[in-house]
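Let's take a walk through this protein together. Keep the structure open and follow along as we go.

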Amino acid sequence: MGFAQPHQLKLAFDRLRFRLHRDGFAALVRVGMARLRGRRHQNAEGSAFDREFGTDTEGNVPLWQLEIDSPHQLEGAHYQTLAPFLIRRSIEALSANLEDFSFCDLGSGKGRILMIASEYPFKRVIGVEFSHELNAVAADNILKYPASRRVCQDVSTLQMDAIDYQFPSGNLLVFLFNPFGETVLRGVLANLESALLREERSVWIVYFNAVCVRLIDESGLFSRVEISDTFVAFKHEPGIGTAMPAISESTP
């Protein structure tokens with residue numbers, strides 16, 4: 001994409017300062033080391049995925065290289081994606097009747113997770129991405145993915161902030177690959193609370209690289225499900241919990 005412009009470099013440094021202040025140096029080092037350990041295998045499988053289907057889902061794209069019009073730009077994480085086997089493993093590990101669920105990937109990037117989710121019998125598969133450039137790539141990738149591989153044919157992607165997304169009716173599987181920081185996750189959890197007040201239903205959350213996992217633990221609506229050492233899973237069943245004081249707007 002060429003050399004970084006001064007405003008892009010400033011944004012990159014602002015993001016680094018923001019994350020150092022938010023997470024601390026030790027947390028940044030742990031996340032970086034974990035990414036390095038898993039990257040070699042994931043890149044090999046991801047490249048094979050793109051070669052097979054003619055898609056563009058591999059790579060690592062810093063957000064400063066993208067034009068993003070959002071007040072939450074600094075809270076976003078750079079683009080990367082999961083190895084296909086990890087996505088499939090996380091979906092298949094859930095004790096849920098998938099045909100009764102909508103799949104929502106927040107921070108859906110180039111859409112690999114959406115394509116793989118469409119291989120399962122979800123009611124619908126929805127991606128939410130705040131970068132119009134990444135979202136455009138995702139839309140093109142979805143068109144290239146063979147219909148013969150899809151069990152769910154209703155696959156779509158929306159270009160918008162995850163904090164503004166209103167969840168559809170019915171049971172939900174919310175997929176997160178560390179897409180944003182605490183402010184946005186608090187807003188997402190508040191939207192889930194509102195959705196549950198409108199309609200009690202089952203909700204699962206699958207959270208990879210779960211930097212802000214304590215917010216879900218503290219929400220009062222979700223219980224952890226011990227499934228895997230590569231992601232954290234939560235579920236809400238009707239009748240469990242009624243309030244989410246940890247994420248209300250008045251929370252300091």
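Helix 6 (residues 182-198) lies across strand 1 (101-106), strand 4 (171-177), strand 5 (203-208) and strand 7, and runs at about 165° to strand 5. Helices here are DSSP runs of H or I with at least four residues, strands are runs of E with at least two, and both are numbered from the N terminus. Angles go from 0 to 180 degrees between N-to-C directions, with axes fitted to C-alpha atoms, for helices over the stretch in contact; contact means heavy atoms within 4.5 Å. Helix 5 (residues 132-144) lies across strand 2 (124-129) and strand 3, at about 170° to strand 3.

A quick word on the model: it is predicted, so local features need pLDDT of at least 70 and side-chain atom pairs count only at 80 or more, while totals for chains, interfaces and linings use all residues. Residues are numbered from 1 along each chain as its sequence is written, and side-chain values use heavy atoms, leaving out hydrogens and water.

Seven strands make an open sheet in the order 3-2-1-4-5-7-6, with mixed pairing; two strands pair if DSSP finds at least two bridges between them. From one strand to the next, the twist averages 20°.

How do strands 6 and 7 run? They are antiparallel, and three bridges join strand 6 to strand 7 (residues 231-236). Val225 has Ala233 in strand 7 as its bridge partner.
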